[in-house]
Amino acid sequence: MIEITEQDFSLDEMIKKARRTDAGAVVTFLGTVRDDGIEMMELESFREAALQELESIRGEAVGRFGLKSAEIVHRVGLLSVGDNIVAIVCSAAHRDEAFLGCRYIIEELKKRAPIWKKEIGENGERWVGRE
């Protein structure tokens with residue numbers, strides 16, 4: 001599953017989808033809006049291009065790390081501190097591959113996917129550059 005949505009998601013449901021009888025490891029990454037002086041965060045994407053890029057990234061991760069499954073969900077819209085932003089769930093035969101695949105996906109997503117965030121606080125708004 002690859003999804004860009006305005007709705008919150010269930011990490012438990014993503015884990016259920018990722019579980020396989022031939023996978024001995026399931027690794028998750030959950031990104032949330034942190035309280036670093038902001039009140040809200042707005043996320044926007046070029047949805048069609050982002051979905052294509054996420055599909056490419058997932059394919060690369062599956063090929064490089066032998067993943068059995070890779071689930072990716074990214075939220076867009078206006079989010080509050082503590083809200084879920086992004087989740088990645090990877091399963092593989094062994095933990096090293098699952099961890100490496102999950103890390104690869106989040107790092108490449110941040111570099112390549114056309115998804116942007118704006119921090120909103122009492123001192124105004126600012127678009128955040130890629131880290």
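Which strands does helix α1 (residues 11–18) lie across? Helix α1 lies across β2, β4 (69–75) and β6, and runs at about 20° to β6. The model is predicted: local features need pLDDT of at least 70, side-chain atom pairs count only at pLDDT 80 or more, and totals for chains, interfaces and linings use all residues. Residues are numbered from 1 along each chain as its sequence is written, and side-chain values use heavy atoms, with hydrogens and water left out.

Helices (H or I, at least four residues) and strands (E, at least two) are DSSP runs, numbered from the N terminus. The strands named above belong to an open sheet of 4 strands in the order β1-β4-β6-β2, with mixed pairing; two strands pair if DSSP finds at least two bridges between them. β1 (2–5) and β2 (25–32) each have a single partner strand and stand at the edges, so one side of each has no neighbour in the sheet. On average, neighbouring strands of this sheet are turned by 5° against each other, direction ignored. Strand β6 (residues 84–92) runs antiparallel to β2, and 8 bridges join the two. Leucine 30 has alanine 87 in β6 as its bridge partner.

Helix α3 also packs on the sheet, where α3 touches β2, β4 and β6. The direction of α3 makes about 145° with that of β6. Axes are lines fitted to C-alpha atoms, for helices over the stretch in contact, and angles run from 0 to 180 degrees between N-to-C directions.

Helix α3 (residues 95–112) packs against helix α2 (residues 47–65) as well, at an angle of about 150° and with the axes 9 Å apart. That makes α2 roughly antiparallel to α3 (angles over 145 degrees count as roughly antiparallel). Among the residues that meet are Glu53, Leu54, Ile57 and Phe65 in α2, and Leu100, Tyr104, Ile105 and Arg112 in α3. The residues of this contact divide into 8 nonpolar, 2 polar and 6 charged. Here Ala, Val, Leu, Ile, Met, Phe, Trp, Tyr, Cys and Pro count as nonpolar, Asp, Glu, Lys and Arg as charged, and the others, Gly among them, as polar.

Strand β5 (residues 77–80) contains leucine 78. Is leucine 78 buried or exposed? Leucine 78 is exposed, with a relative accessible area of 54% (exposed means over 50%, with a 1.4 Å probe and protein chains only). Leaving aside neighbours within four places in sequence, leucine 78 is in contact with Met40, Met41, Glu42 and Ile120, contact meaning heavy atoms within 4.5 Å. The C-alpha atoms of leucine 78 and lysine 118 are separated by 9.3 Å, the two residues being 40 residues apart along the chain.

Methods. Parallel < 35°, antiparallel > 145°, perpendicular 65-115°, else oblique. Buried < 20%, exposed > 50% of the residue type's maximum accessible area, 1.4 Å probe, protein only.
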